Amino acid sequence: MPYDGYKVLIVDDNEGNIVVLNEILGQLKQCEITSVTTGNEALKQILKKDFNLVILDIKLPDIDGYDLARVLKSHKRTIDIPIIFCSAIFTADEWVKKGFELGAIDYLVKPIREEQLMNKIQFYLSLHEKQTGLMHELLHTNQELEKQNRAKSEFLANMSHEIRTPMNGVLGMAQLLQLTELSDEQKDFVNILISSGKSLLKIINDILDYSKLEAGKVEMEEIEFNLKELVREMVIPFIVEAEKKNLQVTYNIGGEISDSLIGDSYRLVQILNNLLSNALKFTHCGSVQLEVSLLRRQENTLLLQFVVRDTGIGIPASKVDVIFGKFIQGDSSTTKNFGGTGLGLAISKSLVAIMAGTIRVESQENSGSSFILEIPFKISTEH
Ligand SMILES: Nc1ncnc2c1ncn2[C@@H]1O[C@H](COP(=O)(O)OP(=O)(O)OP(=O)(O)O)[C@@H](O)[C@H]1O
Ligand SMILES: [Mg+2]
């Protein structure tokens, strides 16, 4: 962004003063000067151009200079334009004070002394030049950061993709090996191989998903699906898993919800999987419940609420706001005790936002957590 000159507006009802000010400021090549004799004309010019400085007489035939300053300071586009008041009559301290209170950066007393005005304007000019330079640098740095962030996301996405393919090969082979005749010790080895492979694949998939979300490359699909079937199929593996920990997993879907919905069922399952696996992971005794209910119906859209409630370790109040951030876990011992990378909730939050929904948590330490999702789905008009 090149430095593009300095636009000054002179507002003075005395033609003689305008000539003097023009002569003085005309010596500065970078200045583009506009002069007007009334407040209304000044407002018209301000609407047309972005000025860098306004030199404002106080006594004007229509609006007085103070009122004009008030207008400038009350609008977002003009609030930052520096104002220098200039008066031959209002020179008492109280008027000068009033000028500064209205946001003026300077107050000149007429007759104007050429040298004084030149010094001041040159000072403001150099400030403006520095400000323009800084803005330019900031913009450039921001663009550079965005570029680097995109490059990082693309690198992560590519790497994860490259690792995922051979990892699937390793897992597939390990699963085939499991079907062959093996000694007990060999079976143990293969089981460890498979479970480690699955953990690694989950991390790779999460990183791939998150980098795609960060790069804005995830789009939602609109597919017709059966909510009851979807939830039932999704919950079964968790019921089996929970039995190993002596936990109970239950689910309930409000009867008033139509079976056939339209939306991205794959992403809905992904979010619920994240929430249910967290609930199971962070609960040592008691139960995990998934409750689906209808919040609102508007024409052919249903706003559904999904609550995943557990009786687990809960989340301290100080962490509730941060756990949706990427790579954030409850505390430093979480990875050691529970594994994971802290991406599940960050991915879920981003997905929910793309689905035009919301996610929040209510939790009490040592007694449990409820993750509450609200997502709109269309209903199929054919049913
Ligand atoms: N149901 C829950 N009960 C208690 N703490 C939870 C629960 N769900 C999430 N948390 C806290 O929020 C943190 C972030 O959750 P998130 O799902 O993003 O990461 P993770 O489960 O640790 O790892 P990942 O999901 O990547 O495997 C968790 O580490 C945990 O501290
Ligand atoms: Mg998780």
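Modeller: The account below begins at the ligand and moves on to a helix pair, a strand residue, several loops and the domains.

This is a predicted model, in which local features need pLDDT of at least 70, side-chain atom pairs count only at pLDDT 80 or more, and totals for chains, interfaces and linings use all residues. Residues are numbered from 1 along each chain as its sequence is written, while chains are lettered from A and ligands numbered from 1 in the order in which they are written.

Ligand 1 is surrounded by 23 residues, where a residue is near a molecule if its C-beta atom, placed from the backbone, lies within 6 Å of it. The closest of them are Gln329, Gly330, Gly340, Gly344 and Leu345. Helices (H or I, at least four residues) and strands (E, at least two) are DSSP runs, numbered from the N terminus. By class, the shell holds nine nonpolar, 12 polar and two charged residues. Here Ala, Val, Leu, Ile, Met, Phe, Trp, Tyr, Cys and Pro count as nonpolar, Asp, Glu, Lys and Arg as charged, and the others, Gly among them, as polar.

H10 also packs against helix H6 (residues 184–214), at an angle of about 40° and with the axes 10 Å apart. Axes are lines fitted to C-alpha atoms, for helices over the stretch in contact, and angles run from 0 to 180 degrees between N-to-C directions. The crossing of H6 and H10 is left-handed, that is, the near helix is turned anticlockwise from the far one by less than a right angle. On the H6 side the contact involves Asp206, Asp209, Tyr210 and Leu213, and on the H10 side Gly344, Ala346, Ile347 and Ser350; two residues are in contact if their C-beta atoms, placed from the backbone, lie within 7 Å. Four nonpolar, two polar and two charged residues make up this contact.

Strand E10 (residues 301–310) contains Leu302. Leu302 counts as buried because 21 other C-beta atoms lie within 10 Å; the cut-offs are 20 or more for buried, 12 or fewer for exposed and partly exposed in between, with C-beta atoms placed from the backbone. Leaving aside residues up to four places away in sequence, Leu302 touches Ile257, Leu294, Arg297, Pro376, Phe377 and Ile379. Leu261 is 41 residues from Leu302 in sequence, with 8.7 Å between their C-alpha atoms.

The loop between strand E9 (287–298) and E10 holds Glu299, whose phi is positive, about 50°, although it is not a glycine. Glu299 is exposed because it has 7 C-beta neighbours inside 10 Å. Asn246, in the loop between helix H7 (227–244) and strand E7 (248–253), also has a positive phi, near 65°. Asn246 is exposed, with 9 other C-beta atoms within 10 Å. Most residues other than glycine have a negative phi, and most peptide bonds are trans. A cis peptide bond, with omega about 0°, joins Lys110 and Pro111; Pro111 lies in the loop between strand E5 (106–109) and helix H5 (114–178).

As for the domains, the assignment gives domain 1 (6–112), domain 2 (148–214) and domain 3 (223–379), with bounds that come from an automatic or database domain assignment. The C-alpha centres of domain 1 and domain 3 are 61 Å apart.
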